[in-house]
Amino acid sequence: MISAARLKKNISKTVIHLLLLAAVFVAMFLLLWLISIAVRPVQETYKVSASLLPKKLTLVNFRQVFSELPQMAIYYRNSIVITFVAVGSIVIISALAGYAFARIRFPGRNLIFWAVIATIFFPYTISLPALYDVLFRLHLTDTLLGLILPYTAIWLRLGTLIMRQVFLSVPKELDDAATIDGCSRLGAFWRVLLPITSSGWVVVAIFAFVPMWGEFILAFTVTSTPKSMPISIGMKMLEPNPAFAEWTFPVAAAAALLIFIPSLLIFIIFQKWFTRGITAGALKF
Amino acid sequence: MRNTLVRRIWKERSGYAFIAPLLAYMGMFIFLPVVFMIVLSFSRHEFLRPAKNMMVGLANYAEWFRDPAVWETFKHTLYFLAMYIPTHVLYGLILALLTNSVVNRRAATVYRSLLYLPVVLPLPIVAYAWKWMYDPTIGVFTHIIKDFLGLPFPFKGWLIDERLAMPSIAIMSVWQYSGWIMMLFLVGLNNIPDQLYEAARIDGSSAWKSFFRITLPLLKPTFFVVVIMRLAVLGITVQPLIMTDGGPGRTTMTYGLHAYYLAFRWGNWRMGYASAWYVMLALFATLLGVLAWKFLREESVYG
C-alpha cells in the first residue's frame, strides 16, 4: 500500500522532471529548429505554414554554404587561426602571471593585480573608438593580428585571475622542493608546477575560447575585407533576404550550424570543466 | 628604508619578468585605449576628417547634457533591462532550484549541461538565428501561435513591430543567459549548509518557509555577483545591431548602439563625442556597482 506522503512525494518528483524537460526543450529549441531547416530542401521552407519537421532529408545545403559563398572557407580559417593563436597566448601568459601573483612577493604585487582585475568590469566595447584608433595607428586594422592581439589582452585578465587561484591551491612545499633540487624559479615553474595545474589551463582555454569564437563588435569594427574577417562576420554575408535571393534561407541555417559545431564540440568534450570553472572560484569574489 | 625597497625589488625581480607579457598586452590594448578614450572625450576627434581634430575641453560633455538622444536611448536601454534582468534572474533561480532538487546526480548533471548549452553558443549567430525565427513569413513563432495554437497575433511581426521589437530582443537574451545565472545560483546554493535546513525541518518549518527564511537571505552574496556581472548589459549593442539596426523607427536604439553609430557609422565618425558617451556610461555603471557593493555585499550571517 502506498502511503499518502509517498504518493505526494512521487507526484512532486514527476512534476519537477516534467518542468525540467520542458526547460530543456526550450533551451534546445533553437538548435532543433535550425537542424530541421538545414536538412530540408529549399522548396519546403517557403511554403505558407510549412511543417515543423522536414518531409524530405537532404545535406545539399551544407555543401551549398561553401559553393555559394567561397569566402566562407576563408572566414572559417581566419577564425581558427585567430582563436588558436590568441587562446594559446592567453594560456601561457596567464600561467606565468598567475604564478607570479600567487608565489613571488615582489613589491607592488597586489596593486598591479587589482589594477588588472578591476578592468574586467569595464567591457572593452566602452573604449572601442580609442582602441580602433590605436590599432589604426599601428597599421593593424583589417589584419588577423589586429584581432589576435586585442582578443589576447581582453580575455587574459580572467585567465590570470583563474591561474592565480589555481597556483594558490598548490601546496608551497612542492616548488620549495623543486628549488632545493636545484631548479631555477623558471625551471620549477616549467617542470613541476605547469604539469600539475593542467586542469587550470584547460579552464582558462575554454573560458577564453567561448567568447572569442563568437566575438562580433570588435571584428565588425576592425575588419573590412574577407582576408581578415572571422566567421561571425561571414554570417552577415549569408543572411537570407527573401526579397533578394530565396535560396539563402536553409543555406544560412546550415552555415549557422557549422559555426556552432566548434562551440558544441568544446562544450561536450570539456563539459565538466565548465561547471568546475564557474564553481572553482573563477567568478567568486 | 629606500635601500631595502630597492633591494626587495631586485631580489624579487623575477616577479616582474613573469608578469611582463601580461603588462605589455594590458598596457597596449586595455590601459592605453582607456586613457586615450578619456583624452578623446575632451577633443573634437572625427576619424574621417582628422584635419579638424583639436582639444575642446568640456564641449563634448556640454553637448551630451543637452542631447535629447541621451535620455531617449537611455530610456530604451532601461526598458530592455527592466524586461530582461528580473526575468532571467528569476528563471535562472527557478532552474537552479529545480535541478538542485533532483536526487539522481547523473540526471541533475545532464539537466544542468543542457540548460547551460545556450550560454556557450556564439552570440552573433544566435542573434541571427533568432532573427530568422522571428521572421513573419519563414519564422517559427508566428507560425506556432497562429497555426498550431490557433491564437490571434495582432502584431505586424516581431522585430518589425514597434511594440514588440524590444521585448523580442529581451526574450532572446533571457533564453541565452538564464543557464549562466542558474550556474551562479547553484554555486550559491551549494554554499548553504544542509544542517540549516535540517534544523528548520526539526523545528517544523515548511519547505516554503525554509525557502524564504534560509535560502533567499543566504543567496544575497550571489545576487551581488549577478548584479555586478550584469552591469555590462547597460552598454548592450550587438543584439540590436544585428537584429533590428535600432529600428523600427528608433525603438530599439540603445545607448550603446547610438554611441557606436556616432563613432563608426554616422557623419565623419565623431569618436570624440562618442567617447564622452562611453565615459558617462562607465561613470554610471561604476556608481551602480558601488551601490550594489554597499547594499548587497553583506558577509553571510551564519558561521
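Residues are numbered from 1 along each chain as its sequence is written, and chains are lettered from A in the order in which they are written. Because the model is predicted, local features need pLDDT of at least 70 and side-chain atom pairs count only at pLDDT 80 or more, while totals for chains, interfaces and linings use all residues.

Me: How many helices and strands are there in chain B, and how many in chain A?
Reply: Helices (H or I, at least four residues) and strands (E, at least two) are DSSP runs, numbered from the N terminus. For chain A the secondary structure comes to 13 helices and zero strands. In chain B there are 14 helices and two strands.

Me: How far apart are the C-alpha centres of domain 1 and domain 2 of chain B?
Reply: Domain bounds come from an automatic or database domain assignment, which divides chain B into domain 1 (1–33) and domain 2 (67–296). In chain A the assignment gives domain 1 (4–60) and domain 2 (69–237), with 37 Å between their centres, taken over C-alpha atoms. For domain 1 and domain 2 of chain B, the separation of the C-alpha centres is 39 Å.

Me: Which helix gives the most residues to the side of chain B that touches chain A?
Reply: Two residues are in contact if their C-beta atoms, placed from the backbone, lie within 7 Å, and 71 residues of chain B are in contact with 68 residues of chain A. By class, this side of chain B has 55 nonpolar, 13 polar and three charged residues, where Ala, Val, Leu, Ile, Met, Phe, Trp, Tyr, Cys and Pro count as nonpolar, Asp, Glu, Lys and Arg as charged, and the others, Gly among them, as polar. With 18 residues, the element that gives the most is helix α2 (residues 13–41) of chain B.

Me: Which residues touch the most other members of the largest nonpolar core?
Reply: A nonpolar core is a set of buried Ala, Val, Leu, Ile, Met, Phe, Trp, Tyr and Cys residues joined through C-beta atoms within 7 Å; a residue is buried if 20 or more other C-beta atoms lie within 10 Å of its own, exposed if 12 or fewer, and partly exposed in between, with C-beta atoms placed from the backbone. Not counting residues up to four places away in sequence, A:Ala255 touches A:Val65, A:Met72, A:Met235 and A:Leu238. Of the 160 residues in this core, those that touch the most other members are A:Ala255, A:Ala256 and B:Ala129.

Me: Is A:His139 buried or exposed?
Reply: A:His139 is found in the loop between α5 and α6 (145–168) of chain A, and has a positive phi of about 55° although it is not a glycine. Most residues other than glycine have a negative phi. Because 10 other C-beta atoms lie within 10 Å, A:His139 is exposed.

Me: What is the C-alpha to C-alpha distance between B:Glu72 and B:Met253?
Reply: B:Glu72 has its place in helix α4 (residues 68–100) of chain B, and is partly exposed because 14 other C-beta atoms lie within 10 Å. Although B:Glu72 and B:Met253 are 181 residues apart in sequence, their distance in space, C-alpha to C-alpha, is 8.6 Å.
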